[in-house]
Each structure stands twice: as structure tokens, then as C-alpha cells.
Amino acid sequence: MSIVTVQLGQCGNQIGFEVFDALYSDSHCPQGLCSKRENEVYQASCKERFFSEEENGVPIARAVLVDMEPKVINQTLSKAAQSGRWKYGQHSCFCQKQGSGNNWAYGYSVHGPRHEESIMNLIQKEVEKCDCLSGFFIIMSMAGGTGSGLGAFVTQNLQDHYSNSLKMNQIIWPYGTGEVIVQNYNSILTLSHLYRSSDALLVHENDAVHKICAKLMNIKQISFTDINQVLAHQLGSVFQPTYSMEGSYHYRRNPLGGFKDPALYTSWLAPVNAFNVWKTQRAFSKYEKSAALVSNSQFLLKPLDTIVGKAWNMFASKAYIHQYTKFGIEEEDFLDSFTLLEQVVASYCNL
């Protein structure tokens with residue numbers, strides 16, 4: 001079961017590189033603290049999922065790279081090629097030399113429709129390389145222009161063209177004190193559109209990852225590379241291949257330890273249906289024990305409510321609205337986004 005990754009914008013392309021690099025490094029660990037046979041099966045599963053046929057002995061990432069400017073894409077392609085371990089395909093990237101900064105509306109209403117055919121053709125070529133397509137993994141920022149606006153547009157197109165395939169969006173939640181002045185507008189527009197077209201949103205908060213780098217890893221001067229590598233490790237562990245062989249793969253319907261507490265779950269969902277465990281004897285990234293938790297809970301209630309509130313305060317004073325209306329996003333579009341996300345907040349309050 002193969003996954004086609006779509007890397008969008010500066011953030012998406014830089015994180016995408018780190019994810020593939022982490023996956024490759026992990027899958028090529030000589031043992032992984034398991035038997036040789038188990039490791040070989042694991043390696044084959046990982047390769048099939050994330051990499052296509054080799055070119056001159058080098059595996060090619062199942063990915064499409066998209067940005068409005070060539071700089072980041074060229075840097076990403078170069079880093080992968082220079083590693084000598086894996087690379088991106090020659091026809092897996094697309095860029096346009098002219099963009100419009102951090103404007104969500106330009107990415108969604110202008111850049112997306114203008115280059116829809118080119119982008120979707122690249123995605124189709126990657127899909128055709130898969131013997132069995134599992135779905136799409138879209139990596140994007142929520143606050144910028146390309147990743148958010150174009151990301152929402154591409155996800156909508158994937159839903160239209162591949163309705164039966166899973167669409168999972170990994171979105172980077174902006175810093176509370178971000179540098180993009182319209183990041184709250186971009187965020188609510190992104191979230192409301194993805195709510196309609198994506199199957200799952202995997203959220204990473206920049207502030208939370210920053211704390212991991214500072215407090216757990218004791219990094220004094222934290223760079224985006226540090227943050228991206230932490231994200232890549234988290235994503236890699238989530239996507240770690242599982243397999244059935246010699247009892248190394250276990251699927252359990254019952255929660256473990258503290259997860260047995262019914263208070264953790266909504267009253268209408270029994271814990272036996274709310275929590276599942278996938279376990280493999282194979283270590284991830286040389287760690288003897290590694291765990292990853294993917295949870296749909298009230299954890300994002302506060303940051304979501306905060307970002308909607310900040311965007312609403314700006315909207316009430318009509319701040320920067322003209323930057324969006326000139327590209328076809330009307331005030332009614334903002335109001336629709338506010339309404340939908342306020343309903344989402346209310347629903348999570350009742351969980």
C-alpha cells in the first residue's frame with residue numbers, strides 16, 4: 001500500500017525532506033533490534049510505501065513538490081541528491097517564479113486554478129507508479145500563502161479526483177506570536193476548507209515542538225531544521241510500517257494501562273472502540289522503545305478557539321480584508337469559515 005506525499009510551500013518542502021530522510025535512515029538500520037528476517041520485511045514494506053523503483057540504485061521518493069518560487073524546491077532537490085541515499089524524481093516538482101507573499105487568497109484563487117492541470121498531472125504520474133495506492137499525505141503550513149491557500153485548493157482537487165483514497169493533511173499550527181500578520185486569516189480559511197475536503201488533519205503546533213527542542217533536547221539556539229527534524233521523527237513513528245509475521249504484529253481492541261479509564265472518552269463512545277494499539281517488535285530510529293499517540297480529543301480546543309477569536313477581532317475592524325477581496329475571497333467567505341469553525345469548537349466542547 002503506497003502513499004503519495006504532496007509537499008506544499010517552503011514549510012511543506014522542508015519538512016517533507018526531513019520526513020523522507022528519517023524514513024530512509026530508519027528503514028536502513030541493520031537490525032532495528034529485531035531478527036534479520038523481520039527487519040527485511042520491514043524494509044520492504046517501508047520502501048513500497050514511501051519510495052518507488054530505484055534509479056541507478058537510488059530509491060525515489062513518492063512525492064510531488066510544489067511552491068510558487070523555485071528556491072526552496074531547488075534546495076530540497078539538491079539536499080536529497082547530495083545525500084546519495086535517496087532522491088526525488090525528475091518530474092515530481094513544480095514551481096512558478098512569481099508569487100504573492102503570504103496571501104491565502106492568491107494561492108487558492110489564482111495560483112491554484114492557473115496551474116491546476118500541471119500539478120494534478122504530476123500527482124497522477126506518481127499515482128500511476130503505485131501498484132496499490134493507499135492515499136495521499138499532504139504536508140503544508142497553515143499560516144503562509146502557498147502552503148495554506150494552494151494546499152486547500154490541491155486537497156479539494158484530490159477529493160474530486162481520488163474520492164476513494166485517504167487524504168491526510170499534516171498542518172503546521174503557527175506560533176502564537178508569529179511573524180505573518182495575516183496568519184489568523186490564513187489559518188481559519190485553511191481549516192474551514194480542509195474540514196470539507198480532507199479525511200484527517202494531523203496537527204503539529206510550532207510552540208509545542210519548540211518546547212520539546214528547548215526542554216527535552218536542551219537545544220540552546222533552536223533552528224527550523226531542529227524543529228523539522230522533531231516533526232519528522234514524530235511523523236515517521238506514526239507511519240512506521242506494521243506487518244504480520246512471527247507474532248511481531250499485534251492488534252488489540254482493548255486499551256492499555258491508564259487508557260482504560262472511561263472518563264477519557266465521550267459518553268457515547270466505549271473505550272474499546274475509542275483506542276486501538278498497533279505494536280511491532282521493530283525499533284524506530286534506533287530507539288529500543290518508541291511510542292506515538294494520535295488522538296482526536298479536546299487538546300486543540302484552546303488553540304482553535306484562540307485563533308478564531310484573533311481572526312474575528314481583525315475581521316470586525318476590516319483589517320487587511322482588501323488583500324483577500326482583490327483575489328476573489330469575499331467577506332461572506334470569511335463569515336462561512338467563522339461559522340463552521342465555531343460549530344467545530346462547540347462540538348469539541350461537548351466531547
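## Val41 and helix α2

Val41 is found in helix α2, which covers residues 36–50. Helices here are DSSP runs of H or I with at least four residues, strands are runs of E with at least two, and both are numbered from the N terminus. With a relative accessibility of 22%, Val41 counts as partly exposed. The cut-offs are as follows: buried means under 20% relative accessible area, exposed means over 50%, and partly exposed lies in between, with a 1.4 Å probe and protein chains only. Val41 stands 226 residues from Ser267 in sequence, and their C-alpha atoms are 40 Å apart in space.

## Basis of the model

The model is predicted: local features need pLDDT of at least 70, side-chain atom pairs count only at pLDDT 80 or more, and totals for chains, interfaces and linings use all residues. Residues are numbered from 1 along each chain as its sequence is written, and side-chain values use heavy atoms, with hydrogens and water left out.

## The chain as a whole

The protein chain contains 13 helices and eleven strands. Its C-alpha atoms fill a box of roughly 65 × 55 × 45 Å along the principal axes. A compact globule of 351 residues would have a radius of gyration near 20 Å, and the 21 Å of the protein chain agrees with this. The radius is taken over C-alpha atoms, and the globule rule is 2.2 Å times the number of residues to the power 0.38.

Of the 351 residues in the protein chain, 47% are buried. Among contacts with a separation of 6 or more, 78% are accounted for by residues 24 or more positions apart; a contact means heavy atoms within 4.5 Å. The accessible surface comes to about 17500 Å², and 50% of this belongs to carbon and sulfur atoms. Such areas come from the Shrake-Rupley method with a 1.4 Å probe, and for residues only the protein chains shown count as cover.

Helix α11 consists of 16 residues, 301–316, and reaches 22 Å from its first C-alpha to its last, close to the expected 22 Å at 1.5 Å a residue. The expected span is 1.5 Å times one less than the number of residues. The buried residues of α11 include Leu301, Leu304, Ile307 and Phe315. Their cover includes β8 (166–173), α7 (183–197), β9 (200–205) and α13 (331–349).

## Loops and positive phi values

Most residues other than glycine have a negative phi. Just after α11, Lys318 takes a positive phi of about 60 degrees. Tyr320, in the loop between α11 and α12, has a positive phi of about 65 degrees although it is not a glycine. With a relative accessible area of 30%, Tyr320 is partly exposed.

Another loop, between α8 (206–216) and α9 (224–238), holds Met217. Met217 is partly exposed at 44% relative accessible area. Leaving aside neighbours within four places in sequence, Met217 is in contact with Ile212 and Val230. Met217 and Ser52 are 165 residues apart in sequence, and their C-alpha atoms are 34 Å apart in space. Asn218 also lies in the loop between α8 and α9, and its phi is positive, near 55 degrees.
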